[in-house]
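Please have the sequence and the structure in view while reading.

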Protein chains: 2
Amino acid sequence: MKRLTILDVAERAGVSVGTVSNALNRPEIVAPKTLASIQAAMDELGFVRNAAARQLTGAKSPAIGLIVLDIDNPFFTEVYRGVETAANEAGYLVVVCGLSGDPTHERRQLRLLEEQRVAGILATRVGKGNSRVYSQMRKRGMPVVLLDRRSASRNQCSVSVDDVAGGRLAGEHLCGLGHDRLALVNGPRDWSQCADRRSGFLTATDGAGARLLADADIEVEKMTIGAGEAAAHHILAAAKRPTAIFCANDLLALGVEHALIAAGHRVPEDFAIVGYDDVAFATMAFVPLTSVRQPAFELGQRGAQQLLGEATDEAHKHEQVVFEPELVIRASTGAEVEANVPAS
Amino acid sequence: MKRLTILDVAERAGVSVGTVSNALNRPEIVAPKTLASIQAAMDELGFVRNAAARQLTGAKSPAIGLIVLDIDNPFFTEVYRGVETAANEAGYLVVVCGLSGDPTHERRQLRLLEEQRVAGILATRVGKGNSRVYSQMRKRGMPVVLLDRRSASRNQCSVSVDDVAGGRLAGEHLCGLGHDRLALVNGPRDWSQCADRRSGFLTATDGAGARLLADADIEVEKMTIGAGEAAAHHILAAAKRPTAIFCANDLLALGVEHALIAAGHRVPEDFAIVGYDDVAFATMAFVPLTSVRQPAFELGQRGAQQLLGEATDEAHKHEQVVFEPELVIRASTGAEVEANVPAS
DNA sequence: GCAAGTTTTTGAAACGTTTCATAGCGATCC
DNA sequence: GGATCGCTATGAAACGTTTCAAAAACTTGC
């Protein structure tokens, strides 16, 4: 199948290639009659312009990359929706790269994105040992905006949520309910979100004179439902049992709750539970989850806007946006709230 | 920032552009010494080859498009993971397009994908009035594989799950438990999946002499938790109440269950519920959901493989793969199974 | 040390678009 | 009726790579 080019269109419409190009890019400068005949020629031929050739002459790629840690988490799905919305509004496509956790793999994906000369990259997480790769990319002129993580440098955009504050909210809530023997089910501490949530949590509990039990200070590798279940068993096996558990995300919390209830314990009577992210399913749990809500959609949307700003606006100023988290109280902490009432 | 080209590399390494290109594409034919010096030059310069120029000379785009209906549904997230896995294995990127439901919007995205000359497109759903757009694209040589929907034509690849069989499984299970007044909470019937699940369900119930109550034959616009809650209220308001409810996906089922329980009813004693998709959260529900499982990951993976086959293999044969669904029985239908026991 | 091979490198053409300086063409004005 | 002006259309150069026929540089064997 011979490839259809602007030249075929020109020939068919009886004009020069330059005019066809003008019709495509600056229709206002071509005579209405000419425009119409070019339009007709394109339709009849089924012409679709070639972005590669276009890019070669200076046009920017209409795509951005989104690096996501785990799409299994509905939180990131929501972030994606925000990104997609903002990108579409600006006429951009979104290339989603789901990290498998393998840094080599991540590097390969980044390399492909860079070869494509995408307009920019949104990164929710940087694989071990790959931060140099990112900084080199940035040096070469590729805009990179951090998503859900605050940039350490003033020279890079980032959109994040205050995780220290989130951890504090959880801690204060539990301590306020009188709990003083606490458990923490956290993700990898070298992930700044987890470290921050922990430190906020500790600030609050220390302030209230409560204690994070050493046996119940758990760090899991992957923040999944399954890992939460395992963590619950670990907690039940401890010498001294906590009365409240803070989980660094809702998947962990759902797993913890599920395992505890299956083992015959009551939530919140025996164990109060606080999750993080406030995913849609938190409400649907056996005992609806109290959770620290993050504005996931806005996170993604704002991040994409910043990225596109950096990519297209000469006068772009770097900026570190930080959203505030918010505690949503439900039955799993037994505060005086609706137990399982429909949302509507 | 001046753009770095193969020519800069050539100059630095003291060779011609042709040699650099060879080093990049057929390293085995260039002398080891030369190769090394070119490598060195690239590293020092931080050269990244330009995919656009490459494509222009005939190379295929290393990207495929994935059109998804609603990413909010964990089922599609899982499909995505399958696609991503297969794509990565083959060195491809995945451009995800989340349909907002607006057909114009869909057309714009498709146009962009086609301009990019992506290697192919995986479509889980075709927006209203856009099927012509797809067939024209195919005529122009763009491979399109249907995902989660069976192709009507022998000339197009598709990977799907037998929805009629799935509906039948649900119907047989409920009738087998003695239910004879049934409700159906379905999605838009012009979506073939929904129509098929319905027809399979009816086949089974008719065969067993059970009745789908007219008042409880519900069709919702969007298959979300919220819509499920609304449907439950509708069912409760009906003159004659069913004793069992089949929902066309798990989000609907979770919403139905949630609303019923909040209204003081018992599941499965008052209402048995069967969902569809068996998403991860089905287990975590207040009453764990009986659900028709679809091999989501395999669906995506196989679809991507087929697409890439069609895109790269001269001798590709079109094929319609159909997976079989499977019923996973849990507490929501009160069959003799574990109530809320941990998975592990 | 030379012919005949073999391995490696070269350089120009091609890919499909955009851009831009220039040319063409009417209309308008004295 | 000729100069001037504004609007349109033109066509060649440029973008960064790959390809491929041809040239150059080495190896052999004798």
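## Two paired strands

In this predicted model, B:Ile121 stands opposite B:Val144, which belongs to strand S4 of chain B. The strands concerned are S3 (residues 120-123) and S4 (residues 144-147), both of chain B, and they pair in the parallel sense over three bridges. Strands of a sheet pair through backbone hydrogen bonds, either parallel or antiparallel.

## The whole sheet

These two strands are part of an open sheet of 12 strands with mixed pairing, in the order S11(A)-S5(A)-S4(A)-S3(A)-S1(A)-S2(A)-S2(B)-S1(B)-S3(B)-S4(B)-S5(B)-S11(B). At the edges lie strand S11 (320-323) of chain A and strand S11 (320-323) of chain B, each of which pairs on one side only. On average, and with direction ignored, neighbouring strands of this sheet are turned by 20° against each other.

## Helices on the sheet

Helix H5 (residues 74-89) of chain B packs on the sheet, where it touches strand S2 (93-98) of chain A as well as S1 (63-68), S2 (93-98), S3 and S4 of chain B, and its direction makes about 80° with that of S2(A). Helix H7 (residues 131-139) of chain B lies across S1, S3 and S4 of chain B, running at about 140° to S4(B).

## A pair of helices

Helix H6 (residues 103-115) of chain B packs with H7(B) at an angle of about 10°, and their axes are 11 Å apart. Because angles under 35 degrees count as roughly parallel, H6(B) is described as roughly parallel to H7(B).

In this contact, B:Glu106, B:Arg107, B:Leu110 and B:Glu114 of H6(B) meet B:Val133, B:Tyr134 and B:Met137 of H7(B). Sorted by class, the contact has four nonpolar, no polar and three charged residues.

Conventions
Residues numbered from 1 in each chain as written. Chains lettered and ligands numbered in written order. Predicted model: local features only at pLDDT ≥ 70, side-chain atom pairs only at ≥ 80, totals over all residues. Heavy atoms only, no water. Pairing = 2+ DSSP bridges. Helix = DSSP H or I, 4+ residues; strand = E, 2+ residues; numbered from the N terminus. Axes fitted to C-alpha atoms, helices over the stretch in contact; angles between N-to-C directions. Contact = heavy atoms within 4.5 Å. Parallel < 35°, antiparallel > 145°, perpendicular 65-115°, else oblique. Nonpolar A, V, L, I, M, F, W, Y, C, P; charged D, E, K, R; others polar.
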